[in-house]
Amino acid sequence: MLTSPGSFAETQRGEVRFPEISGAVLEKICQYFYWSLHYSSGKETDFHIEPEITLDLMMAANFLDT
């Protein structure tokens, strides 16, 4: 979206906003991407998710998948 040659508003502004997703949930998503990149290939490490944000994470995943 940010690097496409199309006329996305995000390309023009250089930022993507997710008003439906809280900052804490978006931070946890970014932490998961980092964990997945570094640790998911063979190492036995767990990615901890606080029970309080589990539902919000599932809703954010559904939103980002569509």
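Trainee: Is Gln-31 buried, partly exposed or exposed?

Mentor: Start with the scale: buried means under 20% relative accessible area, exposed means over 50%, and partly exposed lies in between, with a 1.4 Å probe and protein chains only. Gln-31 has a relative accessible area of 35%, so Gln-31 is partly exposed. Gln-31 sits in helix H2. In sequence, Gln-31 and Phe-47 are 16 residues apart; in space, their C-alpha atoms are 9.0 Å apart.

Trainee: What kind of model is this, and how are residues numbered?

Mentor: This is a predicted model, in which local features need pLDDT of at least 70, side-chain atom pairs count only at pLDDT 80 or more, and totals for chains, interfaces and linings use all residues. Residues are numbered from 1 along each chain as its sequence is written, and side-chain values use heavy atoms, leaving out hydrogens and water.

Trainee: What is the average pLDDT of the chain?

Mentor: pLDDT is the predictor's confidence in each residue, from 0 to 100. Where pLDDT is low, the predicted coordinates should not be read in detail. Here the chain averages 84, and 89% of the residues score at least 70. Confidence is lowest in helix H1 (residues 9-13), with a mean of 78. It is highest in H3, at 92.

Trainee: How many helices and strands does the chain have?

Mentor: Helices (H or I, at least four residues) and strands (E, at least two) are DSSP runs, numbered from the N terminus. This chain has three helices and zero strands. The order from the N terminus is α-α-α.

Trainee: What share of the chain is buried?

Mentor: Of its 66 residues, 14% count as buried. The accessible surface is about 5,500 Å², and carbon and sulfur atoms hold 58% of that. Such areas come from the Shrake-Rupley method with a 1.4 Å probe; for residues, only the protein chains shown count as cover.

Trainee: How many salt bridges are there in the whole structure?

Mentor: The rule is a side-chain nitrogen of Lys or Arg within 4 Å of a carboxyl oxygen of Asp or Glu. The search finds two. One joins the side chains of Glu-50 and Lys-28, at 3.5 Å from N to O. That pair links distant parts of the chain, 22 residues apart: Lys-28 is in helix H2 (23-39), Glu-50 in the loop between H2 and H3. Lys-28 counts as buried because its relative accessibility is 9%. Glu-50, at 29%, is partly exposed.

Trainee: Which residues meet at 2.8 Å?

Mentor: Glu-15 and Arg-17, whose side chains form a salt bridge at that N to O distance. Arg-17 is exposed, with a relative accessible area of 60%. Glu-15 is partly exposed, at 29%.

Trainee: How many aromatic pairs are there?

Mentor: A pair of aromatic rings is described by the distance of the centres and the angle of the planes. Rings of Phe, Tyr and Trp (its six-membered ring) pair if their centres lie within 6.5 Å; planes under 30 degrees apart are stacked, over 60 edge-to-face, and the rest tilted. The count is four. One of them, Tyr-32 with Phe-33, is tilted: 6.4 Å between centres, 55 degrees between planes. Phe-33 is exposed, at 54% relative accessibility, and Tyr-32 is partly exposed, at 37%. Ring pairs join Tyr-32, Phe-33, Trp-35 and Phe-47 into a cluster.

Trainee: Which residues form the nonpolar surface patch?

Mentor: Patches take residues with over 30% relative accessible area and no salt bridge; like charges are joined within 9 Å, nonpolar side chains (Val, Leu, Ile, Met, Phe, Trp, Tyr) within 5 Å. Leu-55, Met-58 and Met-59 make up this one, with about 330 Å² of accessible area together. Met-59 belongs to helix H3 (residues 54-65). Its relative accessible area is 48%, so Met-59 is partly exposed.
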